[in-house]
Structure formats: structure tokens, C-alpha cells
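Dear colleague,

I am handing over the structure below, and my notes on its helices and its sheet follow it.

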Amino acid sequence: MRARSNGGAMSTSAARELTLAGPGATVVLGRELAAALAPATAGVLCLSGHLGAGKTTLVKGLAEGLGVAEAREVTSPTFLRVVRFEGSPSLVHVDAYRMSGPDDVVELGLDEDLAGGAVVALEWPEIVAAALPADRLEVALAHVDESARNVRISAHGAASSAWLDRLGELA
Ligand SMILES: Nc1ncnc2c1ncn2[C@@H]1O[C@H](COP(=O)(O)OP(=O)(O)OP(=O)(O)O)[C@@H](O)[C@H]1O
Ligand SMILES: [Mg+2]
């Protein structure tokens, strides 16, 4: 299915909404996002949603898809703030939950990671909103019930729109 325009918010070029029936489906979406990245070698994925929405589960799938050997070790990096994994491309997993504002994310030097060709996956983007790159995919997860989640993926910027289009061609 092709990504569809949502015909809504001006800053959003395209969006896609899916139901994820169980954690396995969240992992598969993460893997598909990794598969859809190429030919790009860098990308920013912002993962929003309440506690337990499935953000880290999706990053696990993303790590698997990027060939990260330690994909099973992906957890919520709340106390570390950032964990970098080697992969192709590499994965930078950021958790902004305990950050106090945009300066905390600026300190991490994510621009360098992106320039070197890496995927940045950032949980709790709303806390550091002013420091987020303009071109990013936003993944908003929400509880449907205990056994399912809703996900809305929206692209902001040209590279992310192309990434979302490629995802639409896969799924
Ligand atoms: N599509 C889904 N349907 C039902 N359960 C899911 C789904 N995706 C993930 N889960 C489950 O939700 C729980 C929380 O997942 P996860 O830790 O990924 O959430 P999180 O958003 O990272 O939470 P936190 O905000 O605490 O970091 C896990 O038990 C996970 O298996
Ligand atoms: Mg988490």
C-alpha cells in the first residue's frame, strides 16, 4: 500500500496509520522501517507515546533490521540517555524521558552521527522538541488495549517523506 497524504497539517507531507496486533507486529514495523531506509544512510525517527506504548519494542525491530548484533539488548536507555550500536547503518538510541530540555540533546552531538550515516531513534521527542532536526519521521504509538497498539507515522521533510514512501511500497 502506498503512503497516503493525510490532507491535514501543513507541516506534514504524508502520513500512514496502522494497527499493530501484538508486540511482534511492532517489531516487524521496526524491521520494515530499517529495510525502507536505503538508499539513504541516515534518518531520524521520533517515537512518541505514553509509558508502555511500544517505543522501545519498535527500536528493537529497527536494530534487528539494521543488523545490530546486540539488538536484543535494546532497552529503554533512560539513565544512559544515549546508546550507540554498530550496524549498517549504525543506530543511535536516545531516551529523552529524563532530559530537562533541548540543550540536553544538543550535547549528544547527534548531527555528527547523522553526518556519518546513522539512524537516530529518539523516545520522548516532545521534551526536546526545539532541538529536533527538521527532517524526521514521527512515529506516534497509542494503546488500543492490552494486546494492540495504533501507530501513526508522519514525515516531516523530503528525506523522511521518501523514507515513508519506501515503507509504503514494502507493506
Ligand atoms: N502492538 C503491541 N500490542 C500489544 N503490546 C505491545 C505492542 N507493542 C509493544 N507491546 C508491549 O508493550 C510493553 C511496553 O513496550 P515498550 O517497553 O516498548 O514501551 P515504551 O513505549 O518504550 O515504554 P517506556 O515509555 O516505559 O519506555 C511491552 O510489554 C511490549 O511487549
Ligand atoms: Mg521505552
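**Helix packing and the sheet**

The model is a predicted one, in which local features need pLDDT of at least 70 and side-chain atom pairs count only at pLDDT 80 or more, while totals for chains, interfaces and linings use all residues. Residues are numbered from 1 along each chain as its sequence is written, and chains are lettered from A and ligands numbered from 1 in the order in which they are written.

The angle between α1 (residues 23–37) and α2 (residues 55–65) is about 45 degrees, and their axes are 7 Å apart; axes are lines fitted to C-alpha atoms, for helices over the stretch in contact, with angles running from 0 to 180 degrees between N-to-C directions. Helices (H or I, at least four residues) and strands (E, at least two) are DSSP runs, numbered from the N terminus.

The sheet is open and has 7 strands in the order β1-β7-β6-β2-β5-β4-β3, with mixed pairing, where two strands pair if DSSP finds at least two bridges between them. Since β1 (14–20) and β3 (82–85) stand at the edges with a single partner strand each, one side of each is left without a neighbour in the sheet. Strands β6 (residues 136–145) and β7 (residues 148–156) pair in the antiparallel sense over 9 bridges, and Arg136 has His156 of β7 as its bridge partner.
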